[in-house]
Every structure is written in C-alpha cells, then in structure tokens.
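Subject: Structure handover

Hello,

Here is the structure for your files. My notes on it follow below.

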Amino acid sequence: MSYKHIPFGTPEKFNVVVEIQKGGTVKYEYDEEWHEIKVSAIFKNGFCFPFDYGYIPETRGGDGDHLDVFVLGSQSVQMGTVAECRPIGMIELIDRGEQDDKVLAIPLNDLGSENIKTLEDLPFDYKTIFEEFFKELAIQRNKTMEIRGYKDAKTAMQELELAHKNFK
C-alpha cells in the first residue's frame with residue numbers, strides 16, 4: 001500500500017492514516033521520503049497511547065509535519081488503515097516551542113460513536129486523559145509539551161482547511 005497518494009478529503013470529512021493503535025507502546029511515524037511508516041520511539045513502564053493516533057494526508061501543521069489526529073472511536077482501528085473521520089475538536093499543543101495541534105476525530109462509519117458531535121458528548125474525561133498522556137510523553141521523550149487549550153469542531157475545521165492549503 002502506498003501512503004503517498006491518499007487524498008485529504010474535506011475539513012468536514014477527511015482521511016486519517018492510523019499510525020498507532022489504542023494501547024500501543026511503540027510510536028510509529030510516516031516517513032515522507034520512504035513513504036512508509038517507521039518506528040519513532042519505544043516507550044517504557046507500560047506507557048501507551050490512550051486512543052488511535054495518526055496523521056491527515058495532504059496537510060501541514062504548525063510544526064511543518066502532517067497534521068496529527070487522535071481517533072476517538074468506539075473500537076480501535078488497525079495500524080496502517082485509512083479511516084474517514086469527522087472532527088469534534090482540537091487540542092492546542094506546544095511541543096518544544098512549536099505549534100503541534102492535535103485534531104480530535106470520530107470515524108464516520110463508527111456506529112458506536114455516531115451521537116458524538118462535540119467534545120462535551122464524549123463519555124469520558126478527555127481533559128484528564130490528555131493532560132496525563134502529554135505529561136508522561138514529555139517525560140519519556142525528554143522534552144517540553146504544553147496543552148494551551150481545547151477548541152471546538154468549527155475551529156478544528158478551520159485548522160484543517162489551513163493545513164491543507166499549507167500542504168499545497
């Protein structure tokens with residue numbers, strides 16, 4: 001499978017390539033030169049990703065990489081799979097002094113999550129989960145990370161549109 005030609009979609013309905021499954025203890029990252037997913041880090045002490053995680057093709061975020069996304073579906077999606085998603089919000093994140101926002105999304109065909117339209121609809125305390133996740137990630141990767149806030153789906157769509165324009 002080639003990841004090079006996967007289209008973006010639209011800000012309301014975009015494609016995500018899942019790099020890391022929920023519970024994953026290895027961080028994988030798409031390499032644009034090789035057009036493959038490579039190992040980026042192996043975590044210790046049972047640290048793992050709380051949700052599926054990946055990137056949005058044909059985008060460029062504030063750090064110059066593809067825009068990152070947490071896929072908050074009712075079921076985990078296999079690594080390397082393309083999932084068509086819709087945004088429900090965004091985390092404003094500073095990573096080593098650079099903007100590295102994370103889109104929060106729901107798979108379009110996830111029947112267990114079809115009623116989740118906003119961050120407030122999530123059936124768990126997303127703020128605590130993400131704050132603990134990024135705190136430990138910063139420790140494990142020996143870097144500084146700061147959550148600046150959470151934004152709604154409309155703001156996430158604006159960020160997606162800008163990131164797609166930045167890719168072109």
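His35 takes a positive phi near 60° in the hairpin of E2 and E3, where four residues lie between the strands. Strand E2 (residues 26–31) and strand E3 (residues 36–42) run antiparallel and are joined by six bridges; strands pair if DSSP finds at least two bridges between them. Within this pair, Glu29 stands opposite Lys38 in E3. Helices (H or I, at least four residues) and strands (E, at least two) are DSSP runs numbered from the N terminus.

This is a predicted model, in which local features need pLDDT of at least 70 and side-chain atom pairs count only at pLDDT 80 or more, while totals for chains, interfaces and linings use all residues. Residues are numbered from 1 along each chain as its sequence is written, and side-chain values use heavy atoms, with hydrogens and water left out.

Pocket and cavity

The largest pocket has a volume of about 490 Å³. Its lining has 25 residues, and Lys27, Glu29, Asp63, Asp65 and Asp68 lie nearest the centre. Two or more lining residues come from each of E2, strand E4 (52–56), strand E5 (67–71) and H1. H1 gives the largest share, four residues. By class, the pocket lining has 14 charged, nine nonpolar and two polar residues.

There is one cavity of 30 Å³ or more, and the largest cavity holds about 40 Å³ of space. Among the residues that line the largest cavity are Asp63, Asp65, Asp68, Gln99 and Glu159. Its lining has six charged, four polar and one nonpolar residue.

On the terms: a 1 Å grid is laid over the protein atoms alone; a cavity is a set of points where a 1.4 Å probe fits but cannot get out, a pocket is an open set with protein on both sides within 12 Å along at least five of seven lines, and lining residues have an atom within 4 Å of a point. A volume is the space filled by probe spheres set on the points, which are joined across faces, edges and corners.

Lys143

Lys143 lies in the loop between helix H1 (126–141) and strand E9 (145–152). Lys143 counts as buried because its relative accessibility is 17%, the limit for buried being under 20% (1.4 Å probe, protein chains only). The side chains of Lys143 and Asp95 are joined by a polar contact of 2.9 Å.

Regards

Definitions and conventions:
Buried < 20%, exposed > 50% of the residue type's maximum accessible area, 1.4 Å probe, protein only. Polar contact = N/O pair within 3.5 Å; in protein donor to acceptor, adjacent residues only side chain to side chain. Nonpolar A, V, L, I, M, F, W, Y, C, P; charged D, E, K, R; others polar.
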